[in-house]
Amino acid sequence: MMKLSAGDKFLQVIIYATLLLLGFITLYPFWNSLVISFNMGSDTALGGITFWPRSPTLDNYEVVFRDSRIGHAFLISIMRTIVGTTLSVMFTAILAYGLSRHELMGRKIYMVFCIITMYFSGGLIPTFLLLREFGMMDTFWVLVIPGMISVYNMIIFRTFFLGLPAGLVESARIDGCNHIGVLTRIILPISGPVVATLSLFTAVYHWNDWFSASIYINNPDLIPIQTLLKQILNSNIVTDQLQKAIGSSAAAQDRLALVQSVTSKSLIMATTMVATLPIIMVYPFLQKYFVKGVLIGSLKE
Amino acid sequence: MEIERKVITRAKGKPLSWWTRWFRQWDIQLMVIPAMMFIFVFSYLPMYGVLMAFQDYQLFGGFFHSPWVGLKHFEAFFNSPDFWTVMRNTIVISLLKLCIGFPAPILLALMLNEIRLMLFKRIIQTVSYLPHFLSWVIVGGFVGSMLSTDNGSVNMLLMSLHLTSEPISFLSVPEYFWGILVGTGIWKEMGFAAIVYLAAIAGIDPHLYEAASIDGAGRFKQIQLITLPCIRPVIIIFLILAVGNILNAGFEDILILATNPILRDVSDVIDTYVYRMGILNNRFSYAAAAGLFKAVVSIGLLALANKAARKMGSSLW
């Protein structure tokens, strides 16, 4: 490395400073929300809470966890994520394997049929009405089925399968293995990174999606956590939540004291943290894989 | 495949019919056909359903038995007072996102590339990707809390700097909305979008930099004369995509950030308008017409952008 000139040094200083500021701006909202969620609501209302809780407490989380709706919505989200990801990755991989076989008749037509859907779609209203006519409103399946086959993921899978040595499949076929056997016993075990990448991406999508539940689901028992959080954010469900926490207990007086220190703001922040937690937990794994995933995706041309 | 067919032909004496060959590979066909039927039902039927924009869609009649009304809903949309507001917002928000949101990740990638301390670089990268994986609901919660009049951090900062004496209710002032929307979008996606550019930069031949620095070019000159020209094709491809998407001004972000109806004048874009008219007000055909209008214009724009890019020497297809 050569010695830096004065101009280069100046540039370096500016870049380090800018990036530090960017990093701070990115993390601060997250950190501040976390702090508020662990601070007494009545104390937060006095102002000045920034980097550290002034009166640390778990009361906010206690109220959140006592609310059965939040627990239930959390479970729905988990179920949706597991079922949705499994089905989607499984069926997309099967399709991609089929389309990666050179001997498949009509391969080109099938591919065009798939790719057209990446550029054209019916749009929100026709899709909504169609699913409604199918009677899928207010079912768990409306969250899982419509996105089951992802053409985008199929292309990534297929590109990967096409890159595997052809002899691998041929020798297994000669040994009398059927195609499903080839896929599950030979192809998938060596496709670990791709399966992991696509599973993580699909799982994050399912966990984060709040919109489809907000239009397809009215039944409060089927609302996922993100949709519930959205409802909490722009309504006064929170007051209702507080009343529930008071009313549902025999030791109401006791509970009242707890509830008085909790405000809607502190509750919202605690709920937000609960909804974010799973993402933070898988983030290290995500990070390991997604750079690869993004690059495969953008090289599909 | 050619050879295989010849061998079979010779063995049997006459070529196998299409059907016979098809049935011999029934197992792979079976892996593909159910998925095709699925795609037909969930992607192609809604495309057919778009025709409802030319109907008066009735719930009991469905797509097949609703009366045809021609261009009635398109005329209603073009003549409605909402049309110009919606178009203005769509175009202004898109252009803001394009002009500010598009260069931001490129700039970030260029800056990250200048960092020699690997640990620092990795930490900043890790932090910058994180918001991409949070849902808009959560981001909306953060923005609401940051900008809140009830001791939100931004208002606390502004007040301690004496830039304002009263807390500002940022999310209910129409003048601030576009800035907040574009800023939040950059905050959420900049780090993730930078990945592609970083990869492109990593692919540049290091000899180019060595030669340039022997010739006396400083880092700034090197960025200008080597890095940027080398990643130009990647930038152009993403620019075409961005121009083609210009009518996708936003959807989730606007639904989340513009909850206050006061903002409707500046926040309503085509997609949110379709949502509001169709899903919330049950004007299905009218909303579908607005959506179809958008889709047609978008495809035209994409084709135009691609044509322009082809003149510059790269193309999407």
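**Entry 1: α11 and α13 of chain B**

I began with helix α11 of chain B and helix α13 (residues 219-244) of chain B, which pack at an angle of about 140° with their axes 9 Å apart. Helices here are DSSP runs of H or I with at least four residues, and strands are runs of E with at least two, numbered from the N terminus. Axes are lines fitted to C-alpha atoms, for helices over the stretch in contact, and angles between N-to-C directions run from 0 to 180 degrees. I noted that α11(B) passes α13(B) in a right-handed crossing; right-handed means that the near helix is turned clockwise from the far one by less than a right angle, left-handed anticlockwise.

From α11(B), the contact takes B:V196, B:Y197, B:A200 and B:I201; from α13(B), it takes B:T227, B:I231, B:V234, B:I235 and B:F238. Contact means heavy atoms within 4.5 Å. I sorted the residues of this contact by class and got eight nonpolar, one polar and no charged. Ala, Val, Leu, Ile, Met, Phe, Trp, Tyr, Cys and Pro count as nonpolar, Asp, Glu, Lys and Arg as charged, and the others, Gly among them, as polar.

**Entry 2: basis of the entries**

The model is predicted: local features need pLDDT of at least 70, and side-chain atom pairs count only at pLDDT 80 or more, while totals for chains, interfaces and linings use all residues. Residues are numbered from 1 along each chain as its sequence is written, chains are lettered from A and ligands numbered from 1 in the order in which they are written, and side-chain values use heavy atoms, with hydrogens and water left out.

**Entry 3: α9 and α11 of chain B**

I looked up α11(B) (residues 174-202) again, now with helix α9 (residues 136-147) of chain B; the two pack at about 125°, with their axes 12 Å apart. That angle makes α9(B) oblique to α11(B). Under 35 degrees counts as roughly parallel, over 145 as roughly antiparallel, 65 to 115 as roughly perpendicular and the rest as oblique. I found that B:W136, B:V139, B:F142, B:V143 and B:L147 of α9(B) meet B:I180, B:T184, B:G185, B:W187 and B:K188 of α11(B). This contact has seven nonpolar residues, two polar and one charged.

**Entry 4: α6 of chain A against α16 of chain B**

I then checked a pair across the two chains: the axes of helix α6 (residues 124-133) of chain A and helix α16 (residues 270-280) of chain B come within 10 Å and cross at roughly 30°. α6(A) is therefore roughly parallel to α16(B). Their crossing is right-handed. A:L124, A:I125 and A:F128 meet B:V274, B:Y275, B:G278 and B:I279.

**Entry 5: cores and chain A**

I recorded 140 residues in the largest nonpolar core, where A:L99, A:I125 and A:M154 have the most contacts. Such a core is a set of buried Ala, Val, Leu, Ile, Met, Phe, Trp, Tyr and Cys residues joined through side-chain atoms within 4.5 Å. Buried means under 20% relative accessible area, exposed over 50%, partly exposed in between (1.4 Å probe, protein chains only). Leaving aside neighbours within four places in sequence, the contacts of A:L99 include A:M154, B:V32 and B:M36. A second, separate core of 33 residues includes A:L19 and B:M190.

Chain A has 15 helices and zero strands. Of its 301 residues, 51% are buried.

**Entry 6: B:L59**

I located B:L59 in the loop between α3 (26-49) and α4 (62-65) of chain B. B:L59 is partly exposed, at 48% relative accessible area. Not counting residues up to four places away in sequence, B:L59 touches A:L129, A:R132 and B:F284.
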